[in-house]
Amino acid sequence: MRIRIVDAFTDRPFAGNPAGVLLLDALPDGTWAYPEDTWLQHVAMEVNHAETAFAHRLPEGGEADWALRWFTPATEVNLCGHATLATAHVLHSTGAHPGRVRFATRSGVLVATPEPDGSITLDFPTAPLREVPVPDGVAEGLGARPLAAFDTGPNVGDLLVELADEKTVLSLAPDHRALGAHSARGVIATARADNPARGYDFVSRCFFPNVGIDEDPVTGSAHTALAPYWAERLGRTALTGLQASARSGRVRTELHGERTLLGGRAVTVIDGELRARPDQAVGSQSTFPASSA
């Protein structure tokens with residue numbers, strides 16, 4: 001099987017957020033199915049990026065074209081923006097699925113549409129924000145005192161906190177273990193941009209210790225919460241966010257009520273062959289039947 005490493009939410013290699021993308025082969029009878037979850041998790045551990053996406057074709061005539069799942073090195077997740085963008089990029093750039101593609105996922109049907117400028121627009125569910133008291137220990141874990149805190153709902157699973165300014169977000173050096181106690185996945189720290197003339201309206205950083213990612217480089221799913229948060233405060237539905245990690249990347253957002261559009265580019269960096277198939281041994285003890293491949 002072909003496996004690719006794609007940098008998402010960037011137009012150049014070695015920036016944005018890298019994701020593994022594996023388009024699964026058909027079974028001997030011509031149908032498609034996922035291998036055992038343990039094998040998928042082992043592949044994600046081997047790739048060792050924030051997420052690895054696994055996709056296979058679906059029968060024609062249904063509500064979706066491809067099935068899509070995402071695994072971190074530690075667990076499967078409900079929603080991932082950058083690995084969805086990476087998968088759509090692979091489908092479009094290789095001709096496996098030109099044009100608009102619909103993915104069946106844990107978070108419902110997600111749509112990826114190629115744009116004339118070479119970018120891709122993702123149609124995702126908007127995260128439902130619910131203000132909560134700032135949990136005890138969050139300020140100490142971040143090393144900065146939040147102005148407000150919000151639960152982002154089950155699909156995203158983060159605690160979103162607004163900080164005083166962009167400089168505070170950029171200078172964070174958090175205690176990742178301490179942050180893991182306050183949400184299902186982790187903490188999104190955000191602030192208004194100091195100077196929107198630089199091309200972005202808000203800044204963020206994302207810390208996800210509960211899924212094995214201390215700091216995620218660029219997080220599409222987090223922007224389904226950041227988009228409604230900043231749209232309300234800035235009075236505009238179309239915004240650009242800068243996720244200021246070591247690799248960094250920009251995400252275009254456009255709020256449409258219960259749906260949020262996320263826009264960005266992607267670049268394939270590695271294109272190779274995965275030689276460890278699902279019917280081969282995994283690790284020193286586990287094996288899977290050939291019928292699961």
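Student: Which residues does His-223 touch, not counting residues up to four places away in sequence?

Tutor: His-223 touches Phe-202, Ser-204, Pro-228, Gly-241, Gln-243, Val-251, Thr-253, Thr-260 and Leu-262. A contact means heavy atoms within 4.5 Å. This is a predicted model, where local features need pLDDT of at least 70, side-chain atom pairs count only at pLDDT 80 or more, and totals for chains, interfaces and linings use all residues. Residues are numbered from 1 along each chain as its sequence is written, and side-chain values use heavy atoms, without hydrogens or water.

Student: Where does His-223 lie?

Tutor: His-223 lies in helix H6. Helices (H or I, at least four residues) and strands (E, at least two) are DSSP runs, numbered from the N terminus.

Student: How do you know whether His-223 is buried or exposed?

Tutor: The relative accessible area of His-223 is 0%. Buried means under 20%, exposed over 50% and partly exposed in between (1.4 Å probe, protein chains only). So His-223 is buried.

Student: How many aromatic pairs does a search of the whole structure find?

Tutor: The search finds four aromatic pairs. Rings of Phe, Tyr and Trp (its six-membered ring) pair if their centres lie within 6.5 Å; planes under 30 degrees apart are stacked, over 60 edge-to-face, the rest tilted.

Student: What makes Phe-150 and Tyr-229 an edge-to-face pair?

Tutor: Their planes stand at 75 degrees, over the 60 of the cut-off. Their ring centres are 5.1 Å apart, within the limit of 6.5 Å. So the pair is edge-to-face.

Student: Which parts does the Phe-150 and Tyr-229 pair tie together?

Tutor: Phe-150 lies in strand S10 (residues 148-151) and Tyr-229 in helix H6 (residues 223-234). So the pair ties together parts that are 79 residues apart in sequence.

Student: What makes Phe-150 count as buried? And why is Tyr-229 called buried?

Tutor: Phe-150 has 8% relative accessibility, under the 20% cut-off, so Phe-150 counts as buried. Tyr-229 has a relative accessible area of 1%, so Tyr-229 is buried too.

Student: Which elements hold Phe-202 and Trp-230?

Tutor: Phe-202 lies in strand S13 (residues 202-208) and Trp-230 in helix H6. So this pair ties together parts that are 28 residues apart in sequence. Phe-202 counts as buried at 0% relative accessibility. Trp-230 also counts as buried, at 0%.

Student: Which residues form one aromatic cluster?

Tutor: Phe-150, Phe-202, Tyr-229 and Trp-230 form that cluster. Phe-202 is also among the residues that His-223 touches.

Student: How do you know that the charged end of Arg-185 sits over the ring of Phe-208?

Tutor: The charged end of Arg-185 is 4.0 Å from the centre of the Phe-208 ring. A charge sits over a ring if NZ of Lys or CZ of Arg is within 6 Å of the ring centre and within 35 degrees of the ring normal. The charged end of Arg-69 likewise sits over the ring of Tyr-34, 4.9 Å from its centre.

Student: Which residues of helix H1 are buried?

Tutor: In H1 (residues 37-47), Trp-39, Leu-40, Gln-41, Val-43, Ala-44 and Val-47 are buried. They pack against strand S1 (2-8), strand S2 (17-23), strand S3 (51-57), strand S4 (66-71) and strand S5 (76-77). Just after H1, Asn-48 takes a positive phi of about 60 degrees.

Student: Where is Phe-14 placed, and is Phe-14 buried or exposed?

Tutor: Phe-14 is in the loop between S1 and S2. Its relative accessible area is 64%, over the 50% cut-off, so Phe-14 is exposed. Phi of Phe-14 is near 70 degrees, a positive value in a residue other than glycine.

Student: Why is Ser-248 called partly exposed?

Tutor: Ser-248 has 23% relative accessibility. That value lies between the cut-offs of 20% and 50%, so Ser-248 counts as partly exposed. Ser-248 is in the loop between strand S15 (238-243) and S16. Its phi is near 65 degrees, a positive value in a residue other than glycine.
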